[in-house]
Amino acid sequence: MRKRRRLLIGLLIAALALAGCCLGPWGTSYPPLGRVTRIEVRDPSNNTLRVMDDPAEIQRVVEYIDGHRHGWNWMSGWAGVPVPQLTAEFYDGSEFKGHFGVGPGFFECQREGDFGSKGIWSWQERRFLELVGLPDYQLRK
């Protein structure tokens, strides 16, 4: 009976650790994006839809991205990180700093050599699309 109880407690601890790591709201946090001089917005085929180089416009996007620095999960479901349907790539001069993408119901990012994703609401999708200057872009559900 004791052996069974220890096994059950061990399994419970492992399950809670896994849930806290991969499924909890805490997840991975990234540092602020820092200086960005250009944003290239791309579709899934890697076509450039828009290049942003206006400092005020860039600042609004960077503030939004920095507002979403926390709660990234390295894995979303068994299929891994979902593929975004629209991606904003960030540059400081010629230095690539990472990207931030959106798909139906999720954000995805590549920062610090790592990929992450997190679930979002439809109003968050719309706000991101507005900020990158493509408010009418339709995400395929």
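A nonpolar core is a set of buried Ala, Val, Leu, Ile, Met, Phe, Trp, Tyr and Cys residues joined through side-chain atoms within 4.5 Å. In this predicted model, the largest such core has 27 residues, and those with the most contacts inside it are Ile-39, Phe-90 and Phe-128. The protein chain holds 3 helices and 6 strands, which follow one another from the N terminus in the order α-β-β-α-β-β-β-β-α. Of the 141 residues in the protein chain, 39% are buried, and among contacts with a separation of 6 or more, 60% are between residues 24 or more positions apart.

**The nonpolar core**

- The largest nonpolar core, with its 27 residues, draws at least two residues from each of β1, α2 (55-66), β3 (86-92), β4 (95-103), β5 (106-111) and α3 (122-131), and its largest share, 5 residues, comes from α2.
- Ile-39, one of the residues with the most contacts inside this core, touches Arg-50, Val-51, Met-52, Ile-58, Val-61, Ala-88, Glu-89 and Phe-90 when residues up to four places away in sequence are not counted.

**The β1-β2 hairpin**

- Strand β1, residues 38-42, and strand β2, residues 48-52, pair in the antiparallel sense over 4 bridges, and within this pairing Val-41 stands opposite Arg-50 in β2.
- The two strands form a hairpin with 5 residues between them, and Asn-46, which has its place in the loop between β1 and β2, shows a phi near 70°, a positive value in a residue other than glycine.
- Most residues other than glycine have a negative phi.

- On one pairing, β4 and β5 run in the antiparallel sense over 5 bridges, with Cys-109 in β5 as the bridge partner of Phe-100; the hairpin they form has 2 residues between the strands, and Gly-105 in the turn has a positive phi of about 85°.
- On another pairing, 6 bridges join β5 to β6, which run antiparallel, and the bridge partner of Glu-108 in β6 is Ser-117; this hairpin also has 2 residues between its strands, with a positive phi of about 55° at Glu-112 in the turn.

**Lys-118, a buried charge**

- Lys-118 is found in strand β6, residues 114-119, and is buried yet has no salt bridge, the nearest side chain of opposite charge being that of Asp-66, 11 Å away.
- A polar atom of the Lys-118 side chain does, however, lie 2.8 Å from the backbone oxygen of His-70.
- Leaving aside neighbours within four places in sequence, the residues in contact with Lys-118 are His-68, His-70, Gly-71, Trp-72, Gly-105, Phe-106 and Phe-107.

**Salt bridges**

- The count of salt bridges comes to 6; one of them joins Arg-35 and Asp-92, with the closest N and O atoms 2.6 Å apart, and this pair links distant parts of the chain, since Arg-35 is in the loop between α1 (2-23) and β1 while Asp-92 is in strand β3, 57 residues apart.
- Arg-35 counts as exposed because its relative accessibility is 57%, which is over the 50% cut-off.
- Glu-89 forms a salt bridge with Arg-42, the closest N and O atoms being 3.0 Å apart, and this pair too links distant parts of the chain, with Glu-89 in strand β3 and Arg-42 in strand β1, 47 residues apart.
- Under the 20% cut-off, Glu-89 counts as buried at 15% relative accessibility, and Arg-42 counts as buried at 13%.
- Glu-130 and Arg-127 form a salt bridge with the closest N and O atoms 3.4 Å apart, and because they are 3 residues apart in helix α3, they are separated by about one helical turn.

Definitions and conventions: Residues numbered from 1 in each chain as written. Predicted model: local features only at pLDDT ≥ 70, side-chain atom pairs only at ≥ 80, totals over all residues. Heavy atoms only, no water. Pairing = 2+ DSSP bridges. Buried < 20%, exposed > 50% of the residue type's maximum accessible area, 1.4 Å probe, protein only. Contact = heavy atoms within 4.5 Å. Lys, Arg positive; Asp, Glu negative; His and termini not counted. Salt bridge = Lys/Arg side-chain N within 4 Å of Asp/Glu carboxyl O. Polar contact = N/O pair within 3.5 Å; in protein donor to acceptor, adjacent residues only side chain to side chain.
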